[in-house]
Amino acid sequence: MKLVTWNVNSLKVRLPQVLDWLVVHQPDVLCLQETKQEDQNFPAAEILAAGYQPLFSGQKTYNGVAILSRTPATEVITAIPDFTDPQKRVLAATIAGVRIVDIYVPNGQSVDSDKFQYKLAWLDALVAWLGQEMARYPELALLGDFNIAPEDRDVHDPKVWEGQVLVSPSEREAFRRLLQLGLADSFRLFEQPEKTYSWWDYRMNAFRRNMGMRIDHVLLSAALAKSCKSCVIDKEARKTERPSDHAPVMVEL
DNA sequence: ATGGCTTGAGTGTCAAGA
């Protein structure tokens with residue numbers, strides 16, 4: 001079973017790349033973030049024609065998540081229960097017996113901003129909810145744009161980024177709390193090339209210079225981690241015409 | 001160099017991303 005997460009930075013702009021990518025990589029589940037589309041505008045017909053069933057929870061301009069799957073989804077949730085949030089950042093569903101949780105964690109902007117406090121509160125709510133989800137669903141995968149680089153080796157220049165948003169101690173602590181629930185960072189289950197990242201700024205030729213961060217992740221419960229065969233970041237997708245600034249992260253179970 | 005690109009809104013130019 002192949003599970004993938006990809007922040008597409010506007011599905012309207014990126015739909016051709018997504019359709020091409022599906023043909024080449026044939027995932028069983030593709031979790032998308034930053035679709036930036038209201039549900040009434042979601043390209044459901046194109047996704048269905050490509051052989052995938054879409055779930056989506058979107059809003060105008062910002063945020064928005066979607067799950068494309070080969071087989072039908074059940075038990076769909078579009079928000080963290082008991083956490084009031086107008087922003088569309090969560091989509092969970094059971095697909096082929098696996099609990100799939102697709103998240104777009106708030107960026108946080110800067111550590112001294114209100115948005116950073118929202119990010120930390122959001123992560124608190126996520127951890128509390130996932131504890132319950134994992135008790136209900138032993139086979140669980142948490143995929144998405146976490147907007148957290150867990151360790152310095154996930155950052156191209158840790159000195160420049162020290163203490164900044166995406167790498168600050170409180171964000172990394174929230175990431176560790178997810179691991180402490182019993183989730184494994186699938187990328188670190190395997191030998192990986194050094195300086196492997198999932199996001200590169202559009203500016204300053206950051207991709208060509210590999211000035212990136214690993215902020216998109218696939219976390220697996222123990223029952224799934226033990227059968228995980230690989231975790232690969234598809235850097236090729238970042239080289240296409242008009243790419244997303246994020247690359248897909250793919251796991252094979 | 002608080003810039004550098006990209007997207008969405010909307011048609012001038014700003015907010016937001018990370």
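Which residues of the model are closest to DNA strand B, and how many surround it?

**View 1. The surroundings of DNA strand B in a predicted model.** The surroundings of DNA strand B comprise 22 residues, and the closest are Ser10, Lys60, Asn107, Tyr202 and Arg203; a residue is near a molecule or strand if its C-beta atom, placed from the backbone, lies within 6 Å of it. Sorted by class, this surface has seven nonpolar, seven polar and eight charged residues, where Ala, Val, Leu, Ile, Met, Phe, Trp, Tyr, Cys and Pro count as nonpolar, Asp, Glu, Lys and Arg as charged, and the others, Gly among them, as polar. The model is predicted, and local features need pLDDT of at least 70, side-chain atom pairs count only at pLDDT 80 or more, while totals for chains, interfaces and linings use all residues. Residues are numbered from 1 along each chain as its sequence is written, and chains are lettered from A and ligands numbered from 1 in the order in which they are written.

**View 2. Chain A as a whole.** Six helices and 14 strands make up the secondary structure of chain A; helices (H or I, at least four residues) and strands (E, at least two) are DSSP runs, numbered from the N terminus. The radius of gyration of chain A is 17 Å, close to the 18 Å that the globule rule gives for 253 residues, so the chain is as compact as a globular protein of that length. This radius is taken over C-alpha atoms, and the globule rule is 2.2 Å times the number of residues to the power 0.38. Along the principal axes, the C-alpha atoms of chain A fill a box of roughly 45 × 40 × 35 Å. Of its 253 residues, 43% count as buried, a residue being buried if 20 or more other C-beta atoms lie within 10 Å of its own, exposed if 12 or fewer, and partly exposed in between, with C-beta atoms placed from the backbone. Among the contacts in chain A with a separation of 6 or more, 67% join residues 24 or more positions apart; two residues are in contact if their C-beta atoms, placed from the backbone, lie within 7 Å.

View 3. Helix H5 (residues 169–180) has 12 residues, which at 1.5 Å a residue should span 16 Å, and its end C-alpha atoms are 16 Å apart, which agrees; the expected span is 1.5 Å times one less than the number of residues. Glu171, Ala174, Phe175 and Leu178 are the buried residues named in H5. They cover an arc of only 100° around the axis, which puts them on the same side of H5, the arc being that of the directions from the helix axis to the C-beta atoms. The face turned away from this buried side carries the exposed residues Pro169, Glu173, Arg176 and Gln180. The cover over the buried residues of H5 includes helix H3 (114–136), strand S9 (183–185) and strand S12 (216–221). Just after H5, Gly182 takes a positive phi of about 110°.

**View 4. Helix H3 and its packing.** The 23 residues of H3 should span 33 Å at 1.5 Å a residue, and the end C-alpha atoms of H3 are 33 Å apart, which agrees. Lys119, Trp122, Leu123, Leu126, Leu130 and Met134 are buried in H3, and the buried residues of this helix pack against strand S7 (98–104), strand S8 (140–145), H5 and S12.

View 5. Trp199, in strand S10, is buried, with 23 other C-beta atoms within 10 Å. Not counting residues up to four places away in sequence, Trp199 touches Gly212, Met213, Ile215, Asp216, Asp245 and His246. Lys36 lies in the loop between S2 and helix H2 (44–49) and is also buried, with 21 other C-beta atoms within 10 Å. Leaving aside neighbours within four places in sequence, Lys36 is in contact with Ser10, Leu11, Lys12, Thr61, Tyr62 and Gly64.

View 6. Most residues other than glycine have a negative phi. Gln26, although not a glycine, has a positive phi of about 50°; Gln26 is found in the loop between helix H1 (11–25) and strand S2 (29–33) and is exposed, with 10 other C-beta atoms within 10 Å. Arg242, likewise not a glycine, has a positive phi of about 50°, and is found in the loop between strand S13 (230–233) and strand S14 (249–252). With 8 C-beta neighbours inside 10 Å, Arg242 counts as exposed.
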